[in-house]
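Q: Please take a close look at the aromatic rings in this model, and describe how they pair and what surrounds them. I would like one connected account, with the criteria behind each term.

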Amino acid sequence: KRTFHFFKVLKRLVDVGGCEQTDWRLRFITSRLHRKHRKVMNLPRLAKYYAELRITDELEHVSRFLRKMLPRYTSHQLALTAHAFGIAKLQDKDMMSRIARLIAPQLNEVTPLELVRLAQALASTEVCHYTLLSQISAQVQVRVQQAGNAGNAASGEVIPGSCPDFAQLMDLGDAFAQLKFQDYSFFEMVSLQAQTLLLEGLPGPTPPTLAKLCQSMTRLKVHDIRLFEVILAHVGEHWYDYPATSLAQIGSALSPVMPRGEVEDLYRKMFNQIRQDRDTLTCRGVAAAACFMAEVDHKGQFVPGFFQALAQRLMGLKDETRECYDVARVTEIFSRRCPEDHALFSTLCRHLHRHLGFFEPVDFVRFTRGLAAAEYRDERVTHALPKWAQKRHKEFSPHDWDAFVTSLSKLGASDVRQSQLREMGPPVPSEPATFSGGQMAERAQSAS
């Protein structure tokens with residue numbers, strides 16, 4: 001078989017949704033194609049097929065030959081290569097830095113979609129190349145400004161299709177937020193665009209894109225109160241057009257920032273709409289709604305029965321095995337509302353295991369603290385949490401490690417395991433932290 005035959009087969013597999021990586025027929029095809037990697041001309045396209053089919057071992061093998069060919073590729077091929085690594089979430093810092101160095105002088109040739117894919121590839125692979133991100137941001141701002149000037153002057157300076165649309169700008173902002181890239185000029189431009197489009201009733205903003213904008217700006221601590229007021233006013237007028245997930249995301253992002261007294265009626269309307277459409281919520285939607293509830297409804301009296309509706313929806317998603325969400329924060333929130341619900345915390349413990357590889361220290365502390373406050377116990381969780389935490393114990397602060405081990409003791413961890421964790425981590429802090437929940441915090445609380 002010739003190379004194009006293999007490309008047709010891989011493309012057909014991608015079009016039908018892929019297959020298991022261990023399928024013997026797919027392994028047979030890739031074993032024959034493996035010998036031809038050196039001779040393939042369109043390696044970026046092959047890398048994209050491998051990434052979409054999740055064949056990371058073959059993608060790593062292809063990268064050996066990609067490195068040598070990168071200087072000869074066009075800007076579109078370089079963007080496609082980065083996109084492939086982003087789809088596979090394969091962190092290759094050398095490859096991404098080479099692509100960034102080669103594509104930076106050619107950013108004016110790249111399409112808006114490829115600019116977005118470049119930023120998303122850096123975010124997916126967790127490669128914080130802030131130089132390239134700043135150049136992408138500057139390129140986007142120049143194109144938006146040129147499009148605005150061309151629209152005002154009715155001139156033909158702008159190439160059609162060269163300016164990103166509103167959804168692409170939101171995708172860029174989301175990638176910047178994932179990489180903690182705080183670009184005030186970019187978000188000022190996006191804010192002005194969003195306000196203009198919303199106030200004048202022009203097409204562009206949609207509920208999902210507005211939710212993504214709010215989340216990106218709050219994650220980066222870019223608090224544009226005027227924009228948030230405009231978005232909430234639009235939600236109040238067109239609440240029937242907003243899906244429950246978008247309402248939950250907007251509420252969880254803006255409720256910590258906006259003054260509560262002025263928007264209580266709107267919050268109540270949003271809660272009622274989320275409760276009515278709770279069957280459409282995914283795991284991430286439930287997490288966003290729970291964070292919204294925790295910020296606004298501290299005593300469970302603002303919207304009675306709302307947390308029971310969320311718990312019921314989460315129980316309906318107990319067989320969900322792929323979607324990742326903030327399970328640690330959800331556990332901590334529900335431990336204060338319904339600590340006696342064994343079925344709910346059994347579902348959360350079931351969801352925990354697929355998240356442990358991505359947990360940060362604050363997530364370990366939140367989950368153990370939340371589960372310790374509940375009545376449910378799971379020995380598998382008590383065994384898995386310290387096993388994964390000890391791999392990253394150097395990332396913990398003394399207060400976080402103290403709180404984590406103290407909560408594990410309440411979950412029934414053995415004294416031997418606790419002493420091992422104490423010896424492995426930093427020493428017990430001499431002064432209690434405000435929200436640590438560790439030994440020193442307990443002693444201070446008992447003394448007071």
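A: The structure holds 16 aromatic pairs, where rings of Phe, Tyr and Trp (for Trp, its six-membered ring) pair if their centres lie within 6.5 Å, and planes under 30 degrees apart count as stacked, over 60 as edge-to-face and the rest as tilted. In the pair of Tyr130 and Phe181 the ring centres are 5.8 Å apart and the planes meet at 15°, so this pair is stacked. Tyr130 belongs to helix 8 (residues 130–153), whereas Phe181 sits in the loop between helix 9 (166–178) and helix 10 (184–200), so the pair ties together parts that lie 51 residues apart in sequence. Helices here are DSSP runs of H or I with at least four residues, and strands are runs of E with at least two, numbered from the N terminus.

This is a predicted model, in which local features need pLDDT of at least 70 and side-chain atom pairs count only at pLDDT 80 or more, while totals for chains, interfaces and linings use all residues. Residues are numbered from 1 along each chain as its sequence is written, and side-chain values use heavy atoms, with hydrogens and water left out.

The two partners of the stacked pair fall into separate exposure classes, where buried means under 20% relative accessible area, exposed over 50% and partly exposed in between (1.4 Å probe, protein chains only). Tyr130 is partly exposed, at 35% relative accessible area, while Phe181, at 11%, counts as buried. Phe186 and Phe187 form an edge-to-face pair, with 5.3 Å from centre to centre and 85° between the planes. Both of its members are buried, Phe186 with a relative accessible area of 0% and Phe187 with 2%. Ring pairs join these residues with a further one, Phe176, so that the cluster consists of Tyr130, Phe176, Phe181, Phe186 and Phe187.

Aromatic rings also meet charged groups, a charge being said to sit over a ring if NZ of Lys or CZ of Arg is within 6 Å of the ring centre and within 35 degrees of the ring normal. The charged end of Arg268 sits over the ring of Phe302, 4.3 Å from the ring centre, and Lys391 lies over the face of Trp388 at 4.1 Å from the ring centre.

Phenylalanine also figures in the largest nonpolar core, which has 145 residues, with Phe334, Phe367, Leu385 and Phe404 touching the most other members. The largest share of this core, ten residues, comes from helix 15 (residues 283–296). A nonpolar core is a set of buried Ala, Val, Leu, Ile, Met, Phe, Trp, Tyr and Cys residues joined through side-chain atoms within 4.5 Å. Leaving aside residues up to four places away in sequence, Leu385 touches Leu352, Leu356, Phe364, Phe367, Thr368, Phe404, Leu408 and Leu411, contact meaning heavy atoms within 4.5 Å.

Along its principal axes, the C-alpha trace of the chain spans about 70 × 55 × 40 Å.
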